Amino acid sequence: MSVTLKSPEDVAGMREAGRLGGELLDYLTPHVKAGVTTQEIDALAHDYMVNEQGTIPATLNYAPPGHTPYPASLCTSVNHVVCHGIPGDKKLKDGDIVNIDVTVIKNGYHGDTSRMFFVGKPSIQARRLVEVTYEAMWRGIRAVRPGAHLGDIGSAIQRFAESHGFSVVREFCGHGIGKQFHEEPQVLHYGRPGTGYKLQPGIVFTVEPMINAGRPGIRCLADGWTIVTADHSLSAQWEHTVLVTDDGYEIMTQSAGTPAPPPEPTLAQAS
Ligand code: MF3
Ligand code: CO
Ligand code: CO
């Protein structure tokens, strides 16, 4: 399969699916607190998708080649879990950082977005990691425009994360998205400017950097899904689905509760 250009009808469908993904995270936000299990959050999400939104949880039973079917309606990745954490019966506790990654299907279109949450009061390092990862995602998104290359996005993310002493996970990337969950192109979160696929209006993909406080290496747990940092350092991730427009980008996964973008860097800070 190759990169697909979305029609105006596709874009409208992606906008709706994306907004519903954002609204699902808005709905879950007050429930992400100490004493709640990630399984309880999963159950709330499933119910909201199926009964309130009329959406389908794309992750439930999702089984890419070489994987067992994913058993839940979202991913919950706590502390040193990088991504694809399976909701379980462990309670969230004060000081945890958790990524909640949701993908909803509406009228055949996928909306894929994730945010970080603080449970109670985070450590100074955890707060910094989460904030730097958020700005790293935004530095990547702000590189999106027709004529830009995917390497521009990866490079912006990598430079910002590494300038803060953090590292970029290499094994997972952003992806094209539409009627399929994971489409071409692959959107690496590291790279060199001017390299890789050249963007044009109508392409939709995710930007979803995974940034580790320590080394970039990862390990997969015996459940076949949960990815953790090899050195047990903290890891953070944020994700938006983005459309390439005629003059830049449009965030598809925006909702009332989407956190504000970080301020645009001034020239003096730009490097
Ligand atoms: N939502 C993830 C992504 O951003 C994919 C999760 S697949 C699952 O691409 F099976 F682990 F849920
Ligand atoms: Co996702
Ligand atoms: Co994604």
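Modeller: Glu135 sits in helix H3, which covers residues 124–141; helices are DSSP runs of H or I with at least four residues, strands are runs of E with at least two, and both are numbered from the N terminus. This is a predicted model, in which local features need pLDDT of at least 70 and side-chain atom pairs count only at pLDDT 80 or more, while totals for chains, interfaces and linings use all residues. Residues are numbered from 1 along each chain as its sequence is written, and side-chain values use heavy atoms, with hydrogens and water left out.

Biologist: Is Glu135 buried or exposed?

Modeller: Glu135 counts as buried because its relative accessibility is 18%, where buried means under 20% relative accessible area, exposed over 50%, and partly exposed in between, with a 1.4 Å probe and protein chains only.

Biologist: And what is Glu135 in contact with, leaving aside neighbours within four places in sequence?

Modeller: With those neighbours left aside, Glu135 is in contact with Phe160 and Pro262, contact being heavy atoms within 4.5 Å.

Biologist: New topic: how many helices and strands are there in the protein?

Modeller: The protein has 4 helices and 15 strands. Its radius of gyration is 17 Å, close to the 18 Å that the globule rule gives for 271 residues, so the protein is as compact as a globular protein of that length; the radius is taken over C-alpha atoms, and the rule is 2.2 Å times the number of residues to the power 0.38.

Biologist: What share of the residues is buried?

Modeller: Buried residues make up 54% of the 271.

Definitions and conventions:
Chains lettered and ligands numbered in written order.
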